[in-house]
Amino acid sequence: MGNIIENFDTDVNFWQVNPELKLPKIFADLYSNDKSKGKSWSSKIMWGLAMLVDSKSKFHFLSEEDRRKIIADDWIEDSKFKWDDYIEHIKVFTRLTQTRLSRSLLDLGKKIEERDELVKETRYTINNAKELDGVLSNTKSIYELYIYLTNEIRKEEDTANVEGVVKGGRTESAGEKGLV
């Protein structure tokens, strides 16, 4: 089971390759309020959301902060653009396009980034050495969880790529196979 964004060709209008995402009200409003030619502005925003959230994005392994900066500065290229204006869009996009495991991995990745920043900014002192050592000693188990989730997502995707198997790992019905 993978994500619904199958084609990351940002030269193509997002709405043409993902028309079903015009259905949720938050995206329908973005689409209908877009007065640009061919809905190119909202398409650019949606590709930005995909690059930010989707594990198939080439930017996936960057920190969220770095992804946001690259997308805003180099893709959207509009000084008025603010991610804060799209917080609900990000939430809905994530919920609709990512599996539960993928969302968990995204959340864990954010926590690891926060944790890494905390460790980086915390100086060792005689007063905090024991606590900091405890934080550092837990690193292995946190990364083991991250690897576990990554492997489970791969298994999900492998199952989804098997012909005759649908979401949830069940076998396609005769109707789904087009036999009836």
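Rings, charges and helix packing in a predicted model

Me: What does the charged end of Lys 39 sit over?
Reply: In this predicted model, the charged end of Lys 39 sits over the ring of Tyr 31, at 4.8 Å from the centre of that ring.

Me: And which ring does the charged end of Lys 44 sit over?
Reply: That one is Trp 75, with the charged end of Lys 44 placed 4.8 Å from the ring centre.

Me: Back to Tyr 31, which residues do ring pairs link into a cluster with it?
Reply: Tyr 31 is joined through ring pairs to Phe 14, Trp 15, Phe 27, Trp 47 and Phe 93, and together these residues form a cluster.

Me: How many aromatic pairs are there?
Reply: The count comes to 7 aromatic pairs. One of them is formed by Phe 14 and Trp 47, an edge-to-face arrangement with 5.0 Å from centre to centre and 85 degrees between the planes.

Me: Where do Phe 14 and Trp 47 lie?
Reply: Phe 14 belongs to helix α1 (residues 14-17) whereas Trp 47 belongs to helix α3 (residues 40-53), so the pair ties together parts of the chain that are 33 residues apart in sequence.

Me: Are those two buried or exposed?
Reply: Both Phe 14 and Trp 47 are buried.

Me: What about Phe 81 and Trp 83, what kind of aromatic pair do they form?
Reply: Phe 81 and Trp 83 form an edge-to-face pair, with their ring centres 4.9 Å apart and their planes at 80 degrees to one another. Phe 81 has a relative accessible area of 11% and is therefore buried, and Trp 83, with a relative accessible area of 10%, is buried too.

Me: Switching to packing, how do the axes of α2 and α3 cross?
Reply: The axis of helix α2 (residues 25-33) comes within 9 Å of the axis of α3, and the two cross at roughly 145 degrees. On the α2 side the contact is made by Phe 27, Leu 30 and Tyr 31, while α3 contributes Ser 42, Ile 45, Met 46 and Leu 49.

Me: How do the residues of that contact divide into nonpolar, polar and charged?
Reply: The contact of α2 with α3 has 6 nonpolar residues and 1 polar residue, with no charged ones.

Me: Which residues does Val 92 touch, leaving out those up to four places away in sequence?
Reply: Val 92 touches Ile 26 and Phe 27. Val 92 itself lies in helix α5 (residues 87-97), and its relative accessibility is 13%, so Val 92 counts as buried. Although Val 92 and Phe 27 are 65 residues apart along the chain, their C-alpha atoms are separated by 8.9 Å.

Me: Which residues of α4 are buried?
Reply: In helix α4 (residues 64-76), the buried residues are Glu 64, Arg 67, Ile 71, Ala 72, Trp 75 and Ile 76. As for their spacing, residues three or four places apart in an α-helix point the same way, because there are 3.6 residues a turn.

Me: What do the buried residues of α4 pack against?
Reply: They pack against α3 and α6 (100-121). Just after α4, Glu 77 takes a positive phi of about 50 degrees.

Me: Zooming out, how many helices and strands are in the protein chain?
Reply: The protein chain has 8 helices and 0 strands. Of its 180 residues, 32% are buried, and among contacts with a separation of 6 or more, 61% are between residues 24 or more positions apart.

Me: And what does the accessible surface come to?
Reply: The accessible surface of the protein chain is about 11800 Å², and carbon and sulfur atoms account for 54% of it.

Note on methods. Residues numbered from 1 in each chain as written. Predicted model: local features only at pLDDT ≥ 70, side-chain atom pairs only at ≥ 80, totals over all residues. Heavy atoms only, no water. Phe/Tyr/Trp six-rings, centres within 6.5 Å; stacked < 30°, edge-to-face > 60°. Helix = DSSP H or I, 4+ residues; strand = E, 2+ residues; numbered from the N terminus. Buried < 20%, exposed > 50% of the residue type's maximum accessible area, 1.4 Å probe, protein only. Lys NZ or Arg CZ within 6 Å of the ring centre and 35° of its normal. Contact = heavy atoms within 4.5 Å. Axes fitted to C-alpha atoms, helices over the stretch in contact; angles between N-to-C directions. Nonpolar A, V, L, I, M, F, W, Y, C, P; charged D, E, K, R; others polar. Areas by Shrake-Rupley, 256 points an atom, 1.4 Å probe, with all protein chains shown as cover.
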